[in-house]
Amino acid sequence: MKKIIKFIKFLKKIKIIFQKPKTQKIIIYDIVSKDYLKGYFNKEDYFVLSTRKEVFNFYVLISTIFNKKKLNYLNYLSQYIELINPKFIITFVDNDINFYELKKMLYKKKFIAIQNGVRFITGDFLELLTQKRGENYNVDHYLVFSESYKSQIEKYIKSDFLLAGSIKNNLFEISNNYKKNTIAYISRFSDIFIDYVKNKNINEIKKNYRSWEVDLLFYCIELIKNISIYCHSNNLKLNIIGASGDSELEKLFYSNLLKSNSYNFNPKENNFGNYLKINEYEVLINAMSTFGYEAISRDKKVGFFSGDFIEGSSFLWPTSNQKKGNFFSNSYSLEEVERVLDYLLKIDHKNWLEEISPYNQKLFFYDKNNSKLKKFLQNI
């Protein structure tokens with residue numbers, strides 16, 4: 001009875017369609033990919049394949065059964081792709097393991113992955129691939145952020161790699177038109193942060209999340225407190241760049257921590273708004289986020305703070321084991337915050353560009369207007 005109730009609830013959440021899929025030149029894999037990739041193709045040439053069980057095609061289901069395939073979600077997606085018969089399948093959700101499983105099933109089809117975020121080891125895609133070592137995954141093409149990520153991902157996934165940077169970040173110009181002596185913290189606000197605001201029962205939170213997630217929550221809490229102390233001591237206004245669609249809840253998180261009006265909270269407006277917002281500030285601070293690497297690739301002064309509890313999160317990983325440098329640290333202590341921010345506020349722009357130039361392409365990369373992606377798509 002419980003299974004029946006669960007199945008009925010599942011049916012209520014999804015959209016069911018019945019028509020046979022049409023042949024299309026391109027499949028955009030996953031609805032999230034559509035927002036970032038649709039502008040590169042004619043609307044009539046692509047089909048968006050729903051991969052999160054939000055849409056279900058009854059015709060494809062029957063076709064899967066008719067072709068004597070074992071009834072599971074991967075076989076359903078495989079049958080969907082075969083019916084559409086595209087020239088290639090492309091995704092922006094490159095950390096979905098099913099994408100690579102499907103390539104194994106449909107090895108004659110062309111699969112293209114585009115990296116959408118910085119990957120660490122602990123609790124991330126690289127950890128999953130480590131657990132699945134020996135699976136022999138491959139895709140035809142893989143567009144990556146940096147040479148360092150290529151060096152890691154090619155241990156598990158074979159491909160023709162192309163250094164392309166972040167295709168979201170590449171859409172925005174490099175700008176040095178910021179206000180001097182301004183600081184902004186790049187917020188993190190994942191599920192554990194939301195639960196912390198709603199219910200500060202730490203024991204309950206620890207039950208529901210992995211240890212590294214709990215460590216990350218409290219690392220960010222202590223980091224933002226110390227940044228606030230630094231700003232107050234130096235007569236600077238702290239700015240916070242929001243990360244969540246639930247801006248009211250995120251704002252409450254910071255108001256509970258800082259309990260003052262000594263900061264500005266900038267809510268996330270859409271998928272691209274923050275890429276313009278960072279231009280306003282001289283110095284940005286981040287705790288193990290993709291946005292930090294995207295910002296530094298656009299020549300922004302960025303302070304990187306990492307925690308040893310997340311393997312692979314230090315700024316120089318995997319090129320070096322060095323944990324501290326002029327603008328990065330593996331500690332949220334007030335002393336380290338002071339050291340890093342003093343340095344970033346004092347260094348001029350010319351010397352900053354010289355400082356970060358050895359890391360370009362190795363750790364981050366900027367490709368104005370996605371010229372490499374456009375050229376690649378023209379030639380496939």
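Select strands E2 (residues 26–29) and E3 (residues 46–49): they run parallel and are joined by 4 bridges. Helices (H or I, at least four residues) and strands (E, at least two) are DSSP runs, numbered from the N terminus, and two strands pair if DSSP finds at least two bridges between them. The model is predicted: local features need pLDDT of at least 70, side-chain atom pairs count only at pLDDT 80 or more, and totals for chains, interfaces and linings use all residues. Residues are numbered from 1 along each chain as its sequence is written, and side-chain values use heavy atoms, with hydrogens and water left out.

Stay on E2 and E3. Isoleucine 27 stands opposite phenylalanine 47 in E3. Follow the chain from E2 through helix H2 (residues 31–37) to E3: this β-α-β crossover is right-handed (with the strands pointing away from the viewer, the path from the first strand over the helix to the second runs clockwise).

Now show the side chains of E2. Which residues point one way, and which the other? Ile26 and Ile28 point one way, Ile27 and Tyr29 the other way, and all are buried (under 20% relative accessible area; exposed is over 50%, partly exposed in between; 1.4 Å probe, protein chains only). In a regular strand the side chains alternate between the two faces of the sheet.

Move to glutamine 115, in the loop between strand E6 (110–114) and helix H6 (125–131). Glutamine 115 is buried, with a relative accessible area of 2%. Its side chain reaches the backbone oxygen of glycine 117 at 2.8 Å. A polar atom of the glutamine 115 side chain also lies 2.7 Å from the backbone nitrogen of phenylalanine 145.

A cavity is a set of points on a 1 Å grid over the protein atoms alone where a 1.4 Å probe fits but cannot get out, and lining residues have an atom within 4 Å of a point. The second largest cavity holds about 60 Å³ of space, a volume being the space filled by probe spheres set on the points, which are joined across faces, edges and corners.

Finish at the largest cavity, with about 150 Å³ of space. Of its 15 lining residues, Val118, Arg119, Ser146, Ser148 and Trp317 are the closest to its centre. Helix H7 (residues 147–153) gives the most to this lining, with 3 residues.

Key:
1 Å grid on protein atoms, 1.4 Å probe; cavity = no way out; pocket = protein on both sides within 12 Å on 5 of 7 lines; lining within 4 Å. Polar contact = N/O pair within 3.5 Å; in protein donor to acceptor, adjacent residues only side chain to side chain.
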